[in-house]
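Subject: The structure I promised you

Hi there,

Here is the structure for you to open on your side. Have a look around, and then read on for what turned up in it.

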Number of protein chains: 2
Amino acid sequence: MKRIGVDVGGTGIQMGVVDDAGNILSKESIPTQISLPVEEQVAQIADCAVRTAAAAGLKPQEIDFIGFGIPGIAAPDGTVIKCTNMNWHYIPLAELFRKHLNVRIAIDNDANVAALAESVAGVSKGSSSSVFITIGTGIGSGIIINGRIWSGAHGIGGELGHTILSLDGDLCTCGNRGCLERYCSANALIRIAREAVAKKPDTLILSAAGGKPENINARIVIDAARENDPLAVSLYARYISYLGQAIANVVNFLDPEIIVLGGGVSKAGAFLLDALRKEYVRYILYKDQPLPPLELAVLGPDAGIIGAAMLA
Amino acid sequence: MKRIGVDVGGTGIQMGVVDDAGNILSKESIPTQISLPVEEQVAQIADCAVRTAAAAGLKPQEIDFIGFGIPGIAAPDGTVIKCTNMNWHYIPLAELFRKHLNVRIAIDNDANVAALAESVAGVSKGSSSSVFITIGTGIGSGIIINGRIWSGAHGIGGELGHTILSLDGDLCTCGNRGCLERYCSANALIRIAREAVAKKPDTLILSAAGGKPENINARIVIDAARENDPLAVSLYARYISYLGQAIANVVNFLDPEIIVLGGGVSKAGAFLLDALRKEYVRYILYKDQPLPPLELAVLGPDAGIIGAAMLA
């Protein structure tokens, strides 16, 4: 099957022709321009798809399928229900796109699509069930069950980041309190670090940030923990404890075959993975049983393209 | 198919011949005697199965399948891995049982089995996916996906009661802190009521309990709330808020077709259901979308027998 995967993001739209094994054969991208009318945005995406096909030696009519991964939710008929970053609300994306290229289309959430990519061509390849957790500005997740994306019976599942981890906890951007992403995202780590350096400025975290708390990012905190800065070590332990509890919630409730970690924070690599592997087990009810292994995603930013293509 | 479902509990073992539609054709029970050697317990269960078959006009050799629901976890080969109430640890239950009756056997967790019963013959009949939450002394849950029990890839899932709802929260019997069942079980409601009456003894809760805090049970608190006792109303609102957040976590993460509530607390009926239906929506990320309806279980204590028989 000749397929294109499109990864729709707030700053850019990446796409590629992907073979059945999940290899990217050609890759193109365009900047996201949310100020344009949606019909114009779709026309540009279609033009780019034609170029992407050509770069892989394919004519437009040879493309069988185009899949879209979006930072939002879509209905099975190809309507984007909500995609805040793109300002798309109830947009008939598939219908609009087919005016340019008459192909079979599917649309799904970007974290779901990344979960699918890893389970088809990445670290969870060969597994029947997995949960992919992307740890970046927020926390996203995608669930694979019986080899297929499980986005819920009403298409609103997989929102691990907005499950409640702390009753009456911190206010979240979604309007609720205590959402998991308030404790486990990169932003959460940054926030607890900024609060801490205000009280204890004698730390590598602050010097690495040029003395400016506003310059602190997750990498600075993690690197300082790696270098045994006492404050960073203690903040990192607290963050690992939160993230370990989030992972344990996934195990205690869903128990997938494997749990995959992606997103910016996962770039910390073994330093993150080793700490989390020790931590999450503490919170498992049946901790003496075989447990889902914890692994890092391997496809990186390409997961969006590969997974979208695999929606076929 | 001729099948028997066996509901193994800490005080009694109930069983019945169940037809393919989930109707119980005969029912027998024996008391649980954990002090006996396990071989003797199994022999008594087998004797009871023979009587149960006879009561439905069946000879033992006409039984095709016997399913067990246990308050614990079992391996696919019919070994009970852990069943604390029965003091069964790594007991080859299927193998032991077949020395008495050579039938096909399956064993699963009691909450999973109740979830299956409701989805085959109860309130969630006809649904493809559901989550059953049993609210009693603790919180149990069972997940149905694509019409089958999902107990996880390692058999340790469905433990909603031990997912963490409150970081650094109350100590749970499992050894962790902040487990959902510490906030959402009947015991949780009793605990917050006992704490509250100590400070504010002028309440219907205490008078209904004969002035003795140790006599307070969940029903007393709920009935007092129903009668507009101010303290009870406020405690019940807090409890509903906790339970609403627990249900929202299930929706935000898994989004099943329907959520079913069972167990002792669910006997509060519409007074519980109406309050929860309003409450859980508040914590859903995509609250303007169609959501899983919330319903009460209808099979009551028979769910254990019916669901175990349906494991075939």
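This is a predicted model: local features need pLDDT of at least 70, side-chain atom pairs count only at pLDDT 80 or more; totals for chains, interfaces and linings use all residues.

**Around β10 in chain B**

That bridge belongs to the antiparallel pairing of β10(B) with strand β11 (residues 148–149) of chain B, which runs over two bridges. The hairpin of β10(B) and β11(B) has two residues between the strands, and B:Asn146 there takes a positive phi near 50°.

β10(B) also pairs with strand β9 (residues 130–135) of chain B, again in the antiparallel sense, over six bridges. In this pairing B:Ile135 stands opposite B:Ile139 of β10(B), and a hairpin of three residues joins β9(B) to β10(B).

How many of the residues of strand β10 (residues 139–145) of chain B are buried? Seven of its seven are, so the strand is mostly covered. In a regular strand, side chains alternate between the two faces of the sheet. Here both faces are covered: B:Ile139, B:Ser141, B:Ile143 and B:Ile145 are buried on one side, and B:Gly140, B:Gly142 and B:Ile144 on the other.

**A three-stranded sheet in each chain**

In chain A, three strands form an open sheet in the order β5-β6-β7, with antiparallel pairing. Its edge strands are β5 (73–74) and β7 (88–91), each of which pairs on one side only. β5(A) meets strand β6 (residues 80–83) of chain A over two bridges, and A:Ala74 has A:Val80 as its bridge partner in β6(A).

Chain B has an open sheet of three strands in the order β5-β6-β7, with antiparallel pairing. β5 (73–74) and β7 (88–91) of chain B each have a single partner strand, so one side of each is left without a neighbour in the sheet. β5(B) and strand β6 (residues 80–83) of chain B pair over two bridges, and B:Ile73 stands opposite B:Lys82.

**Two helices that cross in chain B**

Next, helix α8 (residues 230–253) and helix α9 (residues 270–281) of chain B: their axes come within 8 Å and cross at roughly 60°. The two helices are therefore oblique to each other, and the crossing is right-handed. From α8(B), the contact uses B:Ile240, B:Ser241, B:Leu243, B:Gly244, B:Ile247 and B:Ala248, while α9(B) brings B:Ala275, B:Leu276, B:Glu279 and B:Tyr280. By class, the contact has seven nonpolar, two polar and one charged residues.

**B:Leu296**

B:Leu296 sits in strand β13 (residues 294–296) of chain B. Is B:Leu296 buried or partly exposed? B:Leu296 counts as partly exposed because 17 other C-beta atoms lie within 10 Å, whereas a buried residue would need 20 or more. Leaving aside neighbours within four places in sequence, B:Leu296 is in contact with B:Val123, B:Leu261, B:Ser266, B:Gly269 and B:Leu273.

**Where the chains meet**

Finally, 39 residues of chain A are in contact with 39 residues of chain B. On the chain A side, β6 and α8 (230–253) each supply at least two residues, and the largest share, six residues, comes from α8(A). The residues on this side divide into 22 nonpolar, 13 polar and four charged.

How values were computed:
Residues are numbered from 1 along each chain as its sequence is written. Chains are lettered from A and ligands numbered from 1 in the order in which they are written. Two strands pair if DSSP finds at least two bridges between them. Helices (H or I, at least four residues) and strands (E, at least two) are DSSP runs, numbered from the N terminus. A residue is buried if 20 or more other C-beta atoms lie within 10 Å of its own, exposed if 12 or fewer, and partly exposed in between; C-beta atoms are placed from the backbone. Two residues are in contact if their C-beta atoms, placed from the backbone, lie within 7 Å. Axes are lines fitted to C-alpha atoms, for helices over the stretch in contact, and angles run from 0 to 180 degrees between N-to-C directions. Angles under 35 degrees count as roughly parallel, over 145 as roughly antiparallel, 65 to 115 as roughly perpendicular and the rest as oblique. A crossing is left-handed if the near helix is turned anticlockwise from the far one by less than a right angle, and right-handed if clockwise. Ala, Val, Leu, Ile, Met, Phe, Trp, Tyr, Cys and Pro count as nonpolar, Asp, Glu, Lys and Arg as charged, and the others, Gly among them, as polar.
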